[in-house]
Amino acid sequence: MNKPIRRACVIGAGVMGQGIAAHFANAGIEVLLLDIVPPDLKDADKAPMPNARARNAFAAGGLDKALKARPAAFFHKQNARLVTVGNTDDDLAKVATCDLVIEAVLERIDVKQALLEKLEKLVPAHAIVASNTSGLRIVDMLKGRSDAFKKRFLVMHFFNPVRYMKLLEIVWGPDTDPGVVSFVKKFGEDVLGKGVVFGKDTPNFVGNRIGVHAMMSTIHQMLEDGLTPEDVDNITGTPMGHPKSASFRTADLVGLDTFAHVADNCFKALENDEDRKMFEIPAFIRTMVEKKILGNKTKGGFYKKGADKSISTFDPKTLDYRPKGGDDAIKNATKAIAKEEDVKKRVKKLVADEGKAGAFAWKTISKSLAYSARRIGEITDDITAIDDAMKWGYNWELGPFETWDALGFVETTDRMVKEGVKLPESVLKMKASGATAFYREDGAIFDLVKGAYSKREADPRYATLPVLRKGTSPVLKNDGAEAWDLGDGILGLTFKTKANSIDPDVISMIGQAVEKAETDFRGLVVANEGEHFCVGANLFLVVMAAGSQQWEDIRKMVKGYQGAVQRMKYSTVPVVVAPYGMTLGGGLELCFGGSAVQAAAETYSGLVEVGVGLLPGGAGNLNMLWRAMDGVPEGAQLNTLEIVTNTFKNIALAKIATSAEEAKQLGFFRKTDGVSFDKARVLVDAKKRTIGLAESGYHAPTPKAYVLPGESGIATLKMMVDTLVAGGFASEHDAKIAGKVAEVLCGGISGASHECTEQELLDIEAEAFVSLCGEPKSQERMQFMLMNNKPLRN
């Protein structure tokens with residue numbers, strides 16, 4: 001299995017098929033997307049030629065939906081050029097050109113069997129055939145197929161939305177070639193950036209088996225305890241280490257029809273499951289599905305937003321909507337618990353709560369833990385498979401067994417035994433052996449099948465900062481940041497501020513880290529931890545200084561950050577920045593200072609300062625413009641104003657790139673910057689990139705000067721903004737901010753076009769920033785942002 005997958009076919013252009021096709025295209029793979037011919041075609045459109053458009057309507061419609069999807073299915077819309085559409089009547093033979101075929105057709109065994117029968121006659125001998133089924137058994141799908149076909153068939157179960165959900169479940173049949181399984185695992189991890197979990201050929205595999213049980217258990221417990229959907233969501237969201245959408249808001253996102261379908265499949269297929277009754281859909285949900293109250297897709301599910309923006313809740317008792325409410329005691333208790341940042345401590349506090357929240361949490365968590373333990377040996381042999389499936393497929397912060405450890409393995413097990421919660425013999429034997437946790441600090445993990453700890457060799461590609469750091473203390477440290485020796489001659493700089501925001505301590509440490517790297521190391525990596533890479537400057541400090549008219553302090557802070565970014569830019573050793581998640585304002589300016597960027601594919605970047613009444617103040621105007629100018633060959637006859645105008649639009653409109661690929665297209669990242677499909681690999685990839693630069697004769701760039709348009713350019717850009725104001729699309733204050741941006745990018749108010757050095761532009765930028773800080777409306781915007789955007793609060 002050494003032939004790379006260059007071309008794939010996805011059959012079925014529904015939600016999953018279009019998502020799979022889009023993500024394969026994101027990975028640079030050509031995709032043939034097929035679906036059936038629409039059954040209601042007019043007679044004139046039934047002939048294959050010249051009516052391909054009509055006959056391909058279902059597949060073309062799937063591609064169109066993927067292009068319009070929010071959140072976006074494609075990293076950039078141009079990736080859709082890799083997808084061609086067709087239909088299974090006219091184009092199925094084209095699978096002969098494909099290396100991988102994935103079927104995502106109707107979840108009916110007869111439909112899949114008929115398709116696989118056709119595919120066996122058409123696919124090339126080397127091609128792998130996979131199903132995206134979420135529950136049908138491989139042995140049933142492959143009835144009648146040859147041994148040779150069975151050897152290269154398996155299940156590749158993606159989770160929706162495919163681009164964003166890390167989980168890929170791989171399930172193989174009794175005849176699948178182990179080499180095929182290994183190849184697909186490597187392809188899923190290295191090419192698609194997925195986290196692979198191996199499951200057994202059982203209904204709903206791993207993630208949905210545990211996840212649907214947890215959800216159904218929660219619903220039944222709510223009805224038994226007399227709680228409301230609001231109560232449950234207050235408990236099962238952040239306090240439990242689950243997504244903020246919790247239980248019922250998540251169901252609204254997924255769709256109640258989809259959720260009910262998966263639960264019904266479990267109930268029908270799991271005849272021997274001791275908890276089968278738990279998968280039975282309650283009557284009130286059945287009523288909701290019948291009435292097409294399906295969630296967000298029908299603008300109403302468990303919750304519905306009214307015309308006045310008020311939220312109503314579907315009442316399981318009255319089967320009608322009522323004003324959103326809930327138990328105040330539960331709301332207050334869970335709100336306080338949610339403030340705990342350490343998820344292990346947070347879950348422990350929740351279960352320890354002596355009110356209704358703690359009681360409900362314990363009942364649902366204990367059932368889920370016990371059920372997960374009882375499934376070992378049936379759906380998988382590995383507790384990490386269940387934990388990873390729930391983290392990657394359901395966005396839980398902790399998997400069931402990690403939660404068990406967080407609550408305390410021994411005391412939690414004792415409590416479940418005392419209360420009559422059914423535990424498998426393997427867990428009881430584990431406790432009797434003296435084990436105190438599923439996961440030991442030395443990396444060993446308890447194997448419930450073998451009844452002993454086993455040491456797992458960690459994949460070095462997924463090493464975290466604590467793993468890479470050498471020694472017991474950082475090389476450099478202050479209250480805002482620290483720098484550690486990451487080995488191989490690489491220094492690693494990490495922020496420690498709230499949301500990794502930039503403050504004077506961080507600014508100071510950037511300069512110190514660059515200097516230390518130049519003297520004692522051969523490169524520097526800027527890599528942070530937490531949900532987001534960097535949300536920008538600490539706005540609280542700017543607001544406080546502006547409120548007390550400390551203009552010189554603001555000027556000093558701005559020039560300090562400009563200097564830090566430029567210090568990185570002209571370092572004598574390579575500096576690689578490793579962004580992910582939100583990389584906004586000063587966070588993106590930090591990336592501009594790097595010799596290179598190694599970004600997670602899911603990096604959301606932009607210079608958004610205008611939204612808070614300011615403009616970029618950390619050399620962002622300079623470096624975004626200079627980066628655009630650098631792409632112009634020397635001697636080319638080009639109107640500089642065109643480049644200035646494009647940069648102006650990016651800044652003045654606060655454009656945000658919704659992927660690292662889009663950031664390249666907008667000029668935020670270089671075309672040569674690296675992208676890691678799996679965020680977990682960004683750190684190691686960035687370190688490797690730094691070493692590569694250091695070993696290939698790295699030299700710092702040379703400062704440049706460019707001719708900028710001057711006052712004529714400023715007038716042109718302001719005229720554009722005035723048009724927006726006249727049309728009601730921008731306010732007078734928006735125009736004032738945009739005018740300041742124009743002045744900076746055009747080289748200041750200094751007559752005709754002229755050559756401008758970097759320092760001259762930095763000085764203009766700093767003065768423009770300070771002047772906007774003095775504007776009352778800018779101060780109002782900053783204060784509003786602080787009140788309404790938690791990550792930016794101090």
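Helices (H or I, at least four residues) and strands (E, at least two) are DSSP runs, numbered here from the N terminus. The model is predicted, and local features need pLDDT of at least 70, side-chain atom pairs count only at pLDDT 80 or more, and totals for chains, interfaces and linings use all residues. Residues are numbered from 1 along each chain as its sequence is written, and side-chain values use heavy atoms, with hydrogens and water left out.

**Backbone features**

Gln 549 occupies the loop between α22 and α23 (551–569), and its phi is near 55°, a positive value in a residue other than glycine. With a relative accessible area of 57%, Gln 549 is exposed (buried means under 20% relative accessible area, exposed over 50%, partly exposed in between; 1.4 Å probe, protein chains only). A positive phi, near 50°, also occurs at Ala 654, in the loop between α26 (640–652) and α27 (660–666). Ala 654 is partly exposed, at 22%.

Pro 71 lies in the loop between α3 (57–68) and β3 (83–87), while Pro 161 is in the loop between β6 (153–158) and β7 (167–172).

**Surface**

Phe 540, Leu 541 and Met 544 make a nonpolar surface patch of about 250 Å². Leu 541 belongs to helix α22 (residues 539–547) and counts as partly exposed, at 31% relative accessibility. Patches are made of residues with over 30% relative accessible area and no salt bridge, with like charges joined within 9 Å and nonpolar side chains (Val, Leu, Ile, Met, Phe, Trp, Tyr) within 5 Å. A salt bridge is a side-chain nitrogen of Lys or Arg within 4 Å of a carboxyl oxygen of Asp or Glu. Accessible areas come from the Shrake-Rupley method with a 1.4 Å probe, and for residues only the protein chains shown count as cover.
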